[in-house]
Amino acid sequence: MFADFGVLNYWTYLVGAIFIILVPGPNTFFVLKTGAAYGIRTGYLAALAVFIGDAVLMFLSYAGVATLIKTTPVLFNIVRYLGALYLLYLGLKMLWAVIKQKGGEHTHTADQRSTIFKRALTLSLTNPKAILFYVSFFVQFIDVNSTTPGLAFLILGVTLEIVSFAYLSFLIVSGSLVTRFVGSRKKLVKLGNSLIGLVFVGFAARLASLQS
């Protein structure tokens with residue numbers, strides 16, 4: 001399938017993409033938390049930011065910027081530490097909100113939606129693991145002798161976004177339904193926010209310890 005467009009072993013790629021998407025990451029947890037705390041609509045706003053960030057990284061990967069970062073330790077380290085610091089900031093802020101008993105608030109102001117969108121976009125763009133994934137994974141399924149490598153890259157990118165959309169949709173809807181089910185049980189909501197905050201801090205530590 002899509003072999004005429006320069007794509008190699010599409011079904012193998014699809015299976016690999018599904019498994020990679022299913023591996024939890026900062027973007028996944030942020031979208032899940034947003035959907036659970038603010039509802040389906042705001043959850044999809046966060047997901048949209050992730051899709052845009054991923055699309056930008058895919059384009060940069062195709063343009064060669066990601067390869068440059070991968071082969072230049074200084075650039076890789078800059079991206080890596082920026083991503084780690086931002087994850088640490090988000091994690092600590094979520095934990096602080098729980099301590100200050102703000103974890104159960106579910107306001108929907110325009111400023112708050114804008115902040116959520118910016119946070120999700122920043123999370124996506126400062127994820128060096130995603131950059132390296134697009135460099136190392138995509139190229140394995142593109143025929144280097146094809147006359148349309150750009151089209152092949154586009155097919156792989158759209159496929160990944162579709163899989164990501166389906167998975168994030170499941171998380172958004174299920175997270176929102178769980179929140180409605182628990183209702184006013186603020187302790188459970190605070191516990192969830194606390195755990196996700198700790199997960200973000202853990203991601204920051206792990207990202208900072210990656211070897212370039």
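Helices and strands are DSSP runs, a helix needing at least four residues and a strand at least two. By this rule, the secondary structure of the protein chain comes to 9 helices and 0 strands. The model is predicted. The chain has 212 residues, and buried residues make up 44% of them. Among contacts with a separation of 6 or more, 87% join residues 24 or more positions apart.

Helix α2 covers residues 26-38. The helix has 13 residues. From its first C-alpha to its last, α2 reaches 18 Å, close to the 18 Å expected at 1.5 Å a residue. α2 is mostly covered, with 10 of its 13 residues buried. These are Pro26, Asn27, Thr28, Phe30, Val31, Lys33, Thr34, Gly35, Ala37 and Tyr38. Gly39 follows α2 and has a positive phi, near 100°.

Helix α3 spans residues 40-63 and has 24 residues. Its reach from first C-alpha to last is 34 Å, close to the 34 Å expected at 1.5 Å a residue. The buried residues in α3 include Thr42, Gly43, Ala46, Ala47, Ala49 and Val50. Phe51, Gly53, Asp54, Leu57, Met58 and Ser61 of α3 are also buried. After α3 comes Gly64, with a positive phi near 100°.

How do these two helices pack? Two packed helices are described by the angle between their axes and the distance between the axes. The axes of α2 and α3 come within 6 Å and cross at roughly 160°. An angle over 145 degrees counts as roughly antiparallel. α2 and α3 are therefore roughly antiparallel to each other. Their crossing is right-handed. On the α2 side, the contact is made by Asn27, Phe30, Val31, Thr34, Gly35 and Tyr38. On the α3 side, it is made by Ile40, Thr42, Gly43, Ala46, Ala47, Val50 and Asp54. The residues of this contact divide into 7 nonpolar, 5 polar and 1 charged. An α-helix has 3.6 residues a turn, so residues three or four places apart point the same way.

Ser124 has its place in helix α6, residues 110-125. Its relative accessibility is 0%, so Ser124 counts as buried. Leaving out residues up to four places away in sequence, Ser124 touches Asn27, Val50, Gly53, Asp54 and Leu57. Asn27 is one of the buried residues of α2. Val50, Gly53, Asp54 and Leu57 are buried in α3. Glu161 lies in helix α8, residues 149-182. Glu161 is buried because its relative accessible area is 17%, and the limit for buried is under 20%. Aside from neighbours within four places in sequence, Glu161 is in contact with Phe51, Asp54, Ala55 and Met58.

Ile142 is found in the loop between α7 (128-138) and α8. With 11% relative accessibility, Ile142 counts as buried. Ile142 and Phe5 are 137 residues apart along the chain, and their C-alpha atoms are separated by 9.1 Å. Neighbours within four places in sequence aside, Ile142 is in contact with Gly6, Leu8, Pro149, Ala152, Phe153 and Leu156. Leu88 lies in helix α5, residues 73-99. Its relative accessible area is 32%, so Leu88 is partly exposed. Leu88 and Gly202 are 114 residues apart in sequence. In space, C-alpha to C-alpha, Leu88 and Gly202 are 8.2 Å apart.

Most residues other than glycine have a negative phi. Asn9 is not a glycine, yet its phi is positive, about 50°. Asn9 is found in the segment before α1 (10-22). Asn9 is exposed, with a relative accessible area of 55%.

Terms used:
Residues numbered from 1 in each chain as written. Predicted model: local features only at pLDDT ≥ 70, side-chain atom pairs only at ≥ 80, totals over all residues. Heavy atoms only, no water. Buried < 20%, exposed > 50% of the residue type's maximum accessible area, 1.4 Å probe, protein only. Contact = heavy atoms within 4.5 Å. Expected span 1.5 Å × (residues − 1). Axes fitted to C-alpha atoms, helices over the stretch in contact; angles between N-to-C directions. Parallel < 35°, antiparallel > 145°, perpendicular 65-115°, else oblique. Left-handed = near helix turned anticlockwise from the far one by under 90°. Nonpolar A, V, L, I, M, F, W, Y, C, P; charged D, E, K, R; others polar.
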